[in-house]
Amino acid sequence: MLPAIDSCNCAATPCWPSFRYSKAGWHFPLTLAEPSLIAPYLLSTLASAFVTNWVYYNARESALLAILYHTAANTIGTFYSHMITGADLTRYFWLLAAVNCVAVVVVVIVDRNTWRSHNPVVPANVEAVAGIS
């Protein structure tokens with residue numbers, strides 16, 4: 001498994017999202033059927049993990065919104081990938097990687113304050129039972 005980068009505990013950048021590259025490892029066997037998909041798939045997966053973490057931390061650690069984003073991305077990716085084969089499928093995965101990388105750049109540019117802040121994002125205060133935290 002690839003190493004995890006958990007820089008939320010780092011004093012220099014406590015708001016940096018906590019990456020878990022296990023997503024790439026979990027889905028990686030899917031790309032072994034077509035070796036030309038390995039590079040664009042891994043690039044797309046890492047970029048998507050970045051955006052998913054951004055959604056999670058900027059939605060006050062709402063797993064629901066991160067799950068909805070991930071589900072929407074997978075639904076779109078799966079829907080179109082079954083319609084194409086061969087070289088077109090490889091181009092499709094490179095396009096997916098490019099779109100995910102653009103999303104990362106947009107997130108970093110638009111939400112610059114999150115990356116520069118020395119204060120962590122305030123987590124949601126959720127109580128399962130009133131009076132018990």
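## Helix α2 and its span

Let's start with α2, which has 21 residues and reaches 30 Å from its first C-alpha to its last, close to the 30 Å expected at 1.5 Å a residue. The expected span is 1.5 Å times one less than the number of residues in the helix. Helices here are DSSP runs of H or I with at least four residues, and they are numbered from the N terminus.

A word on the model: it is predicted, so local features need pLDDT of at least 70 and side-chain atom pairs count only at pLDDT 80 or more, while totals for chains, interfaces and linings use all residues. Residues are numbered from 1 along each chain as its sequence is written, and side-chain values use heavy atoms, with hydrogens and water left out.

## α2 against α3

Two packed helices are described by the angle between their axes and the distance between the axes. For α2 (residues 38-58) and α3 (residues 63-81), the angle is about 150° and the axes are 8 Å apart. Axes are lines fitted to C-alpha atoms, for helices over the stretch in contact, and angles run from 0 to 180 degrees between N-to-C directions. The pair is therefore roughly antiparallel, a label for angles over 145 degrees. The crossing of α2 past α3 is right-handed, meaning that the near helix is turned clockwise from the far one by less than a right angle.

On the α2 side, S48, V51, T52, V55 and Y56 meet A63, L65, A66 and Y69 of α3; contact means heavy atoms within 4.5 Å. By class, these residues comprise 7 nonpolar, 2 polar and no charged. Ala, Val, Leu, Ile, Met, Phe, Trp, Tyr, Cys and Pro count as nonpolar, Asp, Glu, Lys and Arg as charged, and the others, Gly among them, as polar.

Leaving aside neighbours within four places in sequence, T52 touches A66 and Y69.

Most residues other than glycine have a negative phi. R60, which follows α2, has a positive phi near 55° although R60 is not a glycine. E61 is also a residue other than glycine with a positive phi, near 60°.

R60 is partly exposed at 46% relative accessibility, and E61 is partly exposed at 33%.

## α4 joins the packing

Helix α4 (residues 86-110) and α3 have axes that come within 11 Å and cross at roughly 155°. That makes α3 roughly antiparallel to α4, and their crossing is right-handed. Y69, I76, G77, Y80 and S81 of α3 make the contact with L89, Y92 and N100 of α4. These residues divide into 5 nonpolar, 3 polar and no charged.

With α2, the axes of α4 are 8 Å apart at an angle of about 30°. That makes α2 roughly parallel to α4, the label for angles under 35 degrees. Their crossing is left-handed, with the near helix turned anticlockwise from the far one by less than a right angle. The contact includes A47, F50, V51 and W54 of α2 and F93, W94, A97 and V104 of α4. In total, the residues of this contact are 17 nonpolar, 3 polar and no charged.

Key
Helices (H or I, at least four residues) and strands (E, at least two) are DSSP runs, numbered from the N terminus. Angles under 35 degrees count as roughly parallel, over 145 as roughly antiparallel, 65 to 115 as roughly perpendicular and the rest as oblique. Buried means under 20% relative accessible area, exposed over 50%, partly exposed in between (1.4 Å probe, protein chains only).
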